[in-house]
Amino acid sequence: MNAPSKDEISAVLNAIRDPASGRGLVESGIVQGLVIRDGKAGFMLEVAPGQARAYEPVRARAEAAVKAMRGIAAVTAVLTAHDGPPPAAPRPEPQRAAPQGIPGIKHIIAVASGKGGVGKSTVAVNLALALAALGKRVGLMDADIYGPSVPHLLKLHDKPRVLADKRLEPMSAYGLKAMSIGLLIDPASAAVWRGPVATGALNQLLTQVAWDDLDILLIDMPPGTGDIHISLTQRVALAGAVIVSTPQDVALLDARKGIAMFNKVAVPVLGIVENMSTHICSNCGHEEHIFGHGGARRTAEELGVPFLGELPLHLAIRVGADEGNPVVAVAPDSAQARPFLEIAAGVLERLDQGAAKPPPRIVFV
């Protein structure tokens with residue numbers, strides 16, 4: 001039996017009225033991220049802040065309507081709230097509540113970089129696996145709303161299941177719990193969302209996923225220091241941040257900005273990782289520093305933050321990332337996996353020591 005097309009699903013959704021506008025759900029613009037794959041459909045209803053409870057019957061009706069279509073085996077419909085357009089002129093925000101932890105999670109750590117292309121997501125995945133290999137219960141959340149890569153790196157293709165309490169069940173891969181917006185939207189489509197919508201999706205991943213009984217939740221941050229970073233640090237009490245950079249000066253310039261951002265929002269920097277520190281030939285074992293060497297260590301010393309270690313540029317790491325078989329999972333005793341385990345041990349040592357008293361928190365306006 002053939003599954004219905006996106007147009008057919010959209011027509012069914014548009015037959016349901018938006019209680020706020022009186023128009024169809026699609027026509028009113030609240031249906032986002034519609035995806036259909038192997039008879040499984042998923043979509044989001046983006047509503048105004050504070051309206052999630054009022055729209056729950058609409059969400060349930062939309063989910064039931066699509067599920068009743070011939071060729072549909074399962075449906076996931078989720079609500080996410082977003083703010084309206086920004087004001088014409090900046091104005092001070094009201095006093096925000098202090099960041100909170102997430103029930104069931106002991107430590108939340110951001111893995112960040114000042115720029116893209118430094119291998120941050122590959123490091124985050126292998127670091128999560130290394131922490132798990134050291135006996136910790138670990139989750140990995142992909143906070144890169146515009147360019148999620150965790151599903152590919154962990155070979156995740158199925159949609160998450162909705163539990164009885166309406167939370168999403170995190171996916172399981174190599175002993176990790178994992179979640180990404182890439183599992184909820186069509187992987188071939190672009191998330192062309194304004195900042196408030198993206199931060200609303202981030203909040204959904206944080207609060208509407210069953211992150212239960214974890215020692216550590218690693219959050220794979222997007223590059224830069226934008227809306228997602230600010231929103232995360234204002235909502236969630238982070239135990240610290242790990243900064244990933246390559247040895248090149250241009251990457252280290254942006255890494256410094258990332259460290260400065262975390263200092264401003266009172267998040268301790270647990271340390272810097274130098275990725276692609278050295279290239280090791282897979283044939284002869286010759287080692288050379290293609291991108292330079294030691295820049296991250298020098299930056300750590302200059303800024304007074306820990307240096308967690310160096311990671312090689314090696315074919316096995318790249319192939320494992322491309323194939324969804326991370327090197328720490330498939331070859332934990334290899335020379336390529338060893339540095340990840342050493343860095344994970346350094347992160348745990350910093351957590352056990354407790355972070356130094358952070359600087360005063362800055363409220364963004």
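## Basis

The model is predicted: local features need pLDDT of at least 70, side-chain atom pairs count only at pLDDT 80 or more, and totals for chains, interfaces and linings use all residues. Residues are numbered from 1 along each chain as its sequence is written, and side-chain values use heavy atoms, leaving out hydrogens and water.

## Salt bridges

The whole structure holds eleven salt bridges (a side-chain nitrogen of Lys or Arg within 4 Å of a carboxyl oxygen of Asp or Glu). One of them joins glutamate 56 to arginine 59, at 2.9 Å from N to O. Both sit in helix H2 (residues 52-67), three residues apart, so about one helical turn separates them. Helices are DSSP runs of H or I, at least four residues; strands are runs of E, at least two; numbering starts at the N terminus. Arginine 59 is buried at 4% relative accessible area. Glutamate 56 is partly exposed at 24%. Buried means under 20%, exposed over 50%, partly exposed in between (1.4 Å probe, protein chains only).

## Links between loops

Aspartate 213 pairs with arginine 137, with the closest N and O atoms 3.3 Å apart. Their loops lie between H5 and E8 and between H3 and E5, so the pair ties together parts 76 residues apart in sequence. A salt-bridge network links Lys106, Arg137, Asp213 and Asp215.

Arginine 167 and aspartate 212 form a salt bridge at 3.1 Å, N to O. This pair spans 45 residues.

## Threonine 299

Threonine 299 lies in helix H8 (residues 295-303). Beyond four places in sequence, threonine 299 touches Leu252, Arg256 and Ile272 (heavy atoms within 4.5 Å).
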